[in-house]
Amino acid sequence: MASNGIVDVRPKFEKIYLELKAQILADPAFDYTVDARQWVDKMLDYTVPGGKLNRGLSVIDSYRLLKAGEEISEDEVFLGCVLGWCIEWLQAYFLILDDIMDGSHTRRGQPCWFRLPKVGLIAVNDGILLRNHICRILKMHFRTKPYYVDLLDLFNEVEFQTASGQLLDLITTHEGATDLSKYKMPTYVRIVQYKTAYYSFYLPIGTDIEDFKCSWLVVQALERANESQLQRLYANYGKTDPSCVAEVKAVYRDLGIQVEQSWEAL
């Protein structure tokens, strides 16, 4: 039966994650030890399906729009879900490494994976594993398709664009730490374009203030603030002290910039 909406396909989408995980853990290309299999099993459950799944589910929705009202077969829904999970796998890979580079503490309302006991910098290799899982999944399910090479090329291209955007984010944060005035809208747009827009959509992250990030919020604040508000931003932005974070958010609110949403659910 054709799927008529994201709500209908979500249970199937979540079930297919379990199928893909089982296939990864049974991949004959690697002879898992018991400990290794348990580690990967736990790592996948902790890092891959924890968000809202908007990126993965949007694959099915987009395909439905492209079909212009035609019925979608069960096989098409399945492959769309598989491709959607590849995007979620890619997101998990990016987030693990991003959290390490930013020294973040939480992600999606729980400790970052690398912050867990016994994980630490093993998370770097876990991120690499997640990226390689995408290739394994694509090979398992799309190898006979005429567009298989195009899918591989697409994920490689997105990874390159995102890694380049991450570089912009990191070096801009380094420069901004000495001169907050460098945070301009063109800089922000460029980071967003390359770091996240190529595989999803961008929203500010929960610790942008503490991490001295060039976020939409601070760029807007710097453009709108009067001299007194600018002084408050310069004095408090990029500091982990909760009182400093609160002061920055107070400036945002005074300027009418929304800050109360919880972005970490992404």
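The legends below describe close-up views of a predicted model.

**View 1. Tyrosine Y183 in the loop between α6 and α7.** Helix α6 spans residues 148-176 and helix α7 spans residues 185-195, and Y183 is found in the loop that lies between them. Y183 is buried, because its relative accessible area is 1%, which is under the 20% that marks a buried residue. The side chain of Y183 reaches the backbone oxygen of F212 at 2.4 Å. Y183 and T173 are ten residues apart along the chain, and their C-alpha atoms are separated by 8.9 Å.

**View 2. The second largest pocket and its lining.** The volume of the second largest pocket is about 300 Å³. Its lining is made up of 16 residues, of which V59, Y63, E76, G80 and L83 are the closest to the centre of the pocket. The elements that give two or more residues to this lining are α3 (54-66) and α4 (74-102). By residue class, the lining of the second largest pocket divides into eleven nonpolar, three polar and two charged residues.

**View 3. Positive phi values at R108 and K118, neither of which is a glycine.** R108 is found in the loop between β1 (106-107) and β2 (110-111), and its phi is near 55 degrees. K118 is found in the loop between β2 and α5 (122-142), and has a positive phi of about 75 degrees. R108 is buried, with a relative accessible area of 14%, whereas K118 counts as exposed at 76% relative accessibility.

View 4. Helix α9 comprises residues 227-236, and its buried residues are Q229, L230, L233 and N236. An α-helix has 3.6 residues a turn, so residues three or four places apart point the same way. The buried residues of α9 pack against α8 (216-224) and α10 (242-254), while the face of α9 turned away from its buried side carries the exposed residues E227 and Q231.

**View 5. The two ends of α9.** At the start of α9, a side-chain oxygen of N226 reaches to within 3.1 Å of the backbone nitrogen of S228. Beyond the other end, α9 is followed by G238, whose phi is positive, near 90 degrees.

Methods: Residues are numbered from 1 along each chain as its sequence is written. This is a predicted model: local features need pLDDT of at least 70, side-chain atom pairs count only at pLDDT 80 or more; totals for chains, interfaces and linings use all residues. Side-chain values use heavy atoms; hydrogens and water are left out. Helices (H or I, at least four residues) and strands (E, at least two) are DSSP runs, numbered from the N terminus. Buried means under 20% relative accessible area, exposed over 50%, partly exposed in between (1.4 Å probe, protein chains only). A polar contact is a pair of N or O atoms within 3.5 Å; within protein, one must be able to donate a hydrogen and the other to accept it, and residues adjacent in sequence count only if both atoms are side-chain atoms. On a 1 Å grid over the protein atoms alone, a cavity is a set of points where a 1.4 Å probe fits but cannot get out, and a pocket is an open set with protein on both sides within 12 Å along at least five of seven lines; lining residues have an atom within 4 Å of a point. Grid points are joined across faces, edges and corners, and a volume is the space filled by probe spheres set on the points. Ala, Val, Leu, Ile, Met, Phe, Trp, Tyr, Cys and Pro count as nonpolar, Asp, Glu, Lys and Arg as charged, and the others, Gly among them, as polar. Contact means heavy atoms within 4.5 Å.
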